Amino acid sequence: MGKRIIVAGAGHGGIAVAALLAKEGFDVTVYERGSEGTLGYDWTDIFAPNALGIAGMDMPAEDKYCFKENMTFYSTDMKTALRQDVKPEELEIKMERKDIYAHFIEHATACGAKFVYDCNIEAPILFGNRVVGIKTSKGDFYGDLIIDAAGIDSPLRTKLPSMCAIEKNVGDFGQFYVYRAFYNKGCEDEVKDKYKVCLLPQGKLGVAWVAAEEEYTDLLIGRFEPIDEKEAMESAEFLRSENPVLGTEVKRGGQFVKIPVRQPLSIMVCDGYAAIGDSAFMTVPIIGSGIANSLKAAKALAETVIEDKNGAYSADTLWQYQVRYYRRLGAGLAVLACVKLLLTELKPEELDFIFANGILTAQDMTIGANSVSLSSMMGGASPAELIAKAQAVVKDPVLLKKIINTGIRIGKVAAATAVMPKTWNRNQVLRWAKQYKICFQI
Ligand SMILES: Cc1cc2nc3c(=O)[nH]c(=O)nc-3n(C[C@H](O)[C@H](O)[C@H](O)COP(=O)(O)OP(=O)(O)OC[C@H]3O[C@@H](n4cnc5c(N)ncnc54)[C@H](O)[C@@H]3O)c2cc1C
């Protein structure tokens with residue numbers, strides 16, 4: 001029998017790594033608090049399909065997905081439209097979240113992973129400083145490695161001893177509080193911007209989208225501060241006045257949830273433990289997409305576990321997972337976290353100025369399925385275009401200062417990720433993590 005791996009929570013990355021390891025002969029069990037066949041929210045998700053192949057999964061059946069519409073971005077005054085133009089080969093796919101789960105779980109089960117449902121995980125079990133198991137509503141379970149895929153508020157990550165030096169909380173501006181619902185269609189008129197995203201809507205710190213689908217209109221309101229029912233309904237009413245396609249009757253969803261929108265965890269591993277997905281804050285900081293990143297992380301984690309022939313799964317060996325993740329994705333995501341912090345500092349009129357004066361262009365907002373770096377986000381602007389952008393910013397010295405400070409922050413973050421220790425040395429890693437975290441202080 002292979003080494004025993006526990007996956008805590010049936011997060012997307014957790015299921016994917018469970019499949020990869022079970023296929024290699026590991027004894028893998030996923031413990032999930034939800035009931036069989038009920039996982040996921042009642043809405044659709046968008047993700048890069050090539051991530052499935054990276055995690056060793058097939059494409060879903062063709063009738064289970066469609067390609068995503070280009071998004072049109074607006075700033076607070078809703079005057080300047082920046083319409084994406086994603087290349088066909090870079091398009092993401094849209095699927096019902098329940099179908100995504102069904103596809104992932106079917107694959108993992110076929111690979112030999114086991115699932116235990118209706119099992120609430122309460123805390124990690126430690127032996128000294130090593131995580132050796134999980135305390136659950138169904139009893140204690142022990143494993144050689146515990147993979148934490150239990151989401152943003154994971155009961156494992158948040159209860160690890162400080163000796164592990166893993167961040168427990170997301171920190172300031174580290175998460176979106178989201179209301180999402182599918183409404184009936186308010187009118188059947190042809191809509192110009194089918195997928196409309198507004199940054200700092202009504203001058204509030206956050207984003208909102210109104211997407212006109214065939215049978216319903218998808219509404220998302222995301223804020224950096226907690227949002228209650230009253231506030232969500234007021235925002236919906238405002239967006240309805242601008243977008244008559246948004247009806248008044250909730251057809252599906254209607255939940256309040258959280259999405260991490262920050263740099264990945266500074267330390268993702270300790271002895272016997274590795275975090276993946278939202279538990280390790282792996283989403284794209286500005287837009288909150290995390291499924292494809294979790295799948296790619298699953299590949300990096302599986303490679304690392306398989307490589308550890310002695311089955312130590314100590315911080316020492318698991319560190320290579322973090323090195324791989326940052327090299328492939330995390331360093332680019334950390335830079336985007338700086339851009340997100342800029343968004344939190346901008347006044348609505350400054351964002352309007354940025355949109356109106358071509359400082360951000362439609363090309364900049366064309367984030368393709370595989371683009372996580374700032375250079376791809378900046379649309380590969382030519383030097384002449386960059387000079388034109390700079391000339392526009394110079395007209396507003398306060399804004400210029402904010403943009404220069406963001407540039408400095410980006411430089412520091414890029415330098416920090418470049419010097420992340422390549423091998424585990426506890427003192428060096430702790431020193432590095434401290435410096436890395438300082439880069440994001442506000
Ligand atoms: C409104 C919304 C829209 C989103 N849209 C997109 C999108 O379009 N595209 C995209 O790529 N990403 C999207 N995301 C983000 C995406 O959902 C996550 O980044 C991705 O699912 C990875 O998160 P996860 O699977 O690690 O965590 P989660 O999805 O939070 O999964 C964690 C799992 O652990 C289980 N769990 C938690 N606590 C316990 C416990 N105590 N005991 C047992 N089990 C537990 C949960 O039940 C859950 O099954 C969206 C998120 C939200 C909230």
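The shell around the ligand takes at least three residues from domain 1 (4-66 + 95-169 + 263-329) and at least three from domain 2 (175-260), with bounds that come from an automatic or database domain assignment. Keep in mind that this is a predicted model: local features need pLDDT of at least 70, side-chain atom pairs count only at pLDDT 80 or more, and totals for chains, interfaces and linings use all residues. Numbering runs from 1 along each chain as its sequence is written.

Let's stay with the ligand for a moment. It is surrounded by 32 residues, and G9, G11, G151, G277 and G290 are the closest; a residue gets into this set if its C-beta atom, placed from the backbone, lies within 6 Å of the molecule. Sorted by class, the shell holds 13 nonpolar, 14 polar and five charged residues. Here Ala, Val, Leu, Ile, Met, Phe, Trp, Tyr, Cys and Pro are nonpolar, Asp, Glu, Lys and Arg are charged, and the others, Gly among them, are polar. Elements that each supply at least two shell residues include α1 (12-23), β13 (175-185) and α5 (291-307).

Now zoom out. The protein has eleven helices and 19 strands, where helices (H or I, at least four residues) and strands (E, at least two) are DSSP runs numbered from the N terminus. Its radius of gyration is 22 Å, close to the 22 Å that the globule rule gives for 442 residues, so the protein is as compact as a globular protein of that length. That radius is taken over C-alpha atoms, and the rule is 2.2 Å times the number of residues to the power 0.38.

How far apart are the C-alpha centres of domain 1 and domain 2? They lie 30 Å apart. The contact takes eight residues from domain 1 and ten residues from domain 2, with two residues in contact if their C-beta atoms, placed from the backbone, lie within 7 Å.

Finally, have a look at helix α3 (residues 97-111). Its 15 residues reach 21 Å from first C-alpha to last, close to the 21 Å expected at 1.5 Å a residue; the expected span is 1.5 Å times one less than the number of residues. Among the buried residues of α3 are I100, Y101, F104 and H107; buried means 20 or more other C-beta atoms within 10 Å of a residue's own, all placed from the backbone. The buried residues of α3 pack against α1, β3, β7 (93-96) and β8 (114-116). Just after α3, G112 takes a positive phi of about 110°.

Notes. A residue is buried if 20 or more other C-beta atoms lie within 10 Å of its own, exposed if 12 or fewer, and partly exposed in between; C-beta atoms are placed from the backbone.
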